Amino acid sequence: MSSDEEDLDLNDDTTSQMESIADDMMDIEDPSVQNSPAPSPLQPSVVNTRQLDEKLDPQLLTCASYDCVPLAAAVHPSPISSLATTRCYRWILTGSEDGYIRKWDFFASMNGKTALTQAHRHNYVDSVTLAGVLCSWWENEEIPESVKPTTATTDGSEEPTTAAAPVFTLPREPKLSPVFSLDIHSEALWAVQGCENGSINLTSVRHEEGKCHHVLRKHSAPVSVLMITPGEIGVISGSWDKSVLEWDLNTGSVVRSYDGHSSQISSAEFQPIYTPFTNSSNDDAALLWNKKNENVLMTTSMDGQCLLWDRREPAQQARRLPIPDRTPPWCLSACWSADGTKIYAGRRNGTVDEYDFASQKWIQSFRMPANSGPVSCVRSMPNGKHIVCASNDNIRLWNTTLESNFTIRSDSEPGFAKPSKLSSVIPFCILPGHHGGTISHISIDPTCKYMITTSGNRGWEGTSTNGCLFYDISAVTTAA
């Protein structure tokens, strides 16, 4: 089922890889030290535990821009429909349309343990010289339900029976299903993966990789969205059957249904909590920008609807964000701003709509250059100014605070002329790597030092380059 089965053992040969790249993310205490002083009551002991440092570099909060450089490419033979990462970014899971889930070692890839062949390098920009280190893979199988006793009828068909001697039909052979959705436990204990028939497989990852332990059955169409709740005891799922469900992983049952969408579900995301964090041993204030508010949920669908849910009020209907005039009803991706006060939604006409969360009102839109294509994925950066917009031609890092001719507001009616001095203002820069394909996912790690992008149409419209790129992010302190 997998090429190898490996444990998250920090004493293996990858320890040096993690220390060389993620020394500021992983703080490992050596249990062999016997003469260390006893911890004070205010300082709990961390012996034999792994402490993950998710503090953000203060420069990433105040920087003028970001420099995102692709260094490694994870080679796939088919379009990539789903992406999931552990909290420390050690393990990366990708789900493809060929029905396989692949597990990658991110730090070994970025450390250059494997180089791309010359034939593969020809497809990427010059900075991409490293190959993703593939650790294992397993199948995404549609597990058939239990077979019920049947009896043959006169026309040769079969129907359920309660006879004393029932005849059992042979079970269907499991078949591979495209992996349209995927998510993984923060420490790679288990994962959930959606199937084309609407079922959700709960599989183990750290031990017995890919072994299915339970199947969640309720959806009647492909599962396009899977998101583990912040407490990691539940899962939010969205499907092509227009339903959004919340599952209790302790019982395997549906605890709530979020009704209101009238089209296929395209994305879901919890509201961020922008929490300052100050370490007592360090006077520099940093930020935990990836924490989530489990009470506020946003879901989007293909028809352009963006609904906001308050999970504390089950009886309250969702709040709907309005669609601006002359905007086609379409949305593949939406995201929150870093502080959770704004929402950005990508549209078919090559624009990104910005909304105010408190009032649920449209603020402005950012129009991509002509012939850029639909915006298939958007993500926000922690400085509160930049968003990453992926359209068919390129991925752009967009400064939302710059006024330019690419900005559309309510006063931009026909006949309204903007000042000519804005014609030379370019509010974005193009990130190298992808070109000419639909971007299925963009993931940024909790410390905003790495980014992963994948290409695939997720079963909908659009072409794919089958590309998966690992980026390195650094702060640009002065404007160009």
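Predicted model: local features only at pLDDT ≥ 70, side-chain atom pairs only at ≥ 80, totals over all residues.
Trainee: Why is S109 called buried?
Mentor: Buried means under 20% relative accessible area, exposed over 50%, and partly exposed in between, with a 1.4 Å probe and protein chains only. S109 has 0% relative accessibility, so S109 counts as buried.

Trainee: Where is S109 placed, and which residues is it in contact with beyond four places in sequence?
Mentor: S109 sits in helix α3, residues 106–110. Helices (H or I, at least four residues) and strands (E, at least two) are DSSP runs, numbered from the N terminus. Contact means heavy atoms within 4.5 Å, and S109 has such contact with A72, L130, A131, G132, V133 and F470. For L130, 21 residues apart from S109 along the chain, the C-alpha separation is 6.8 Å.

Trainee: Is S440 buried or exposed, and which polar partners does it have?
Mentor: S440, in strand β37, is buried, because its relative accessible area is 2%. A polar atom of its side chain lies 2.9 Å from the backbone oxygen of I80, and a polar contact of 2.7 Å joins the side chains of S440 and T454.

Trainee: Why is E141 called partly exposed?
Mentor: The relative accessible area of E141 is 28%, so E141 falls in the partly exposed class. E141 lies in strand β9, residues 141–142. Beyond four places in sequence, E141 touches P174, K175, L176, C195 and N201.

Trainee: Why is strand β34 described as largely enclosed?
Mentor: Five of the five residues of β34 (residues 395–399) are buried, so the rest of the structure largely encloses the strand. I395, L397 and N399 point one way and R396 and W398 the other. In a regular strand, side chains alternate between the two faces of the sheet.

Trainee: How do you know that β34 pairs with β33 and with β36?
Mentor: Two strands pair if DSSP finds at least two bridges between them. β33 (residues 386–391) and β34 have five bridges, in the antiparallel sense, with V388 opposite L397. β34 and β36 (residues 428–431) have four, also antiparallel; there the bridge partner of W398 is F428. A hairpin of three residues joins β33 to β34.

Trainee: How many residues line the largest pocket, and of which classes?
Mentor: The lining has 50 residues, of which T85, D183, M227, K292 and S443 lie nearest the centre. By class there are 23 nonpolar, 17 polar and ten charged residues. Ala, Val, Leu, Ile, Met, Phe, Trp, Tyr, Cys and Pro count as nonpolar, Asp, Glu, Lys and Arg as charged, and the others, Gly among them, as polar. A pocket, on a 1 Å grid over the protein atoms alone, is an open set of points where a 1.4 Å probe fits, with protein on both sides within 12 Å along at least five of seven lines; lining residues have an atom within 4 Å of a point.

How values were computed
Residues numbered from 1 in each chain as written. Heavy atoms only, no water. Polar contact = N/O pair within 3.5 Å; in protein donor to acceptor, adjacent residues only side chain to side chain.
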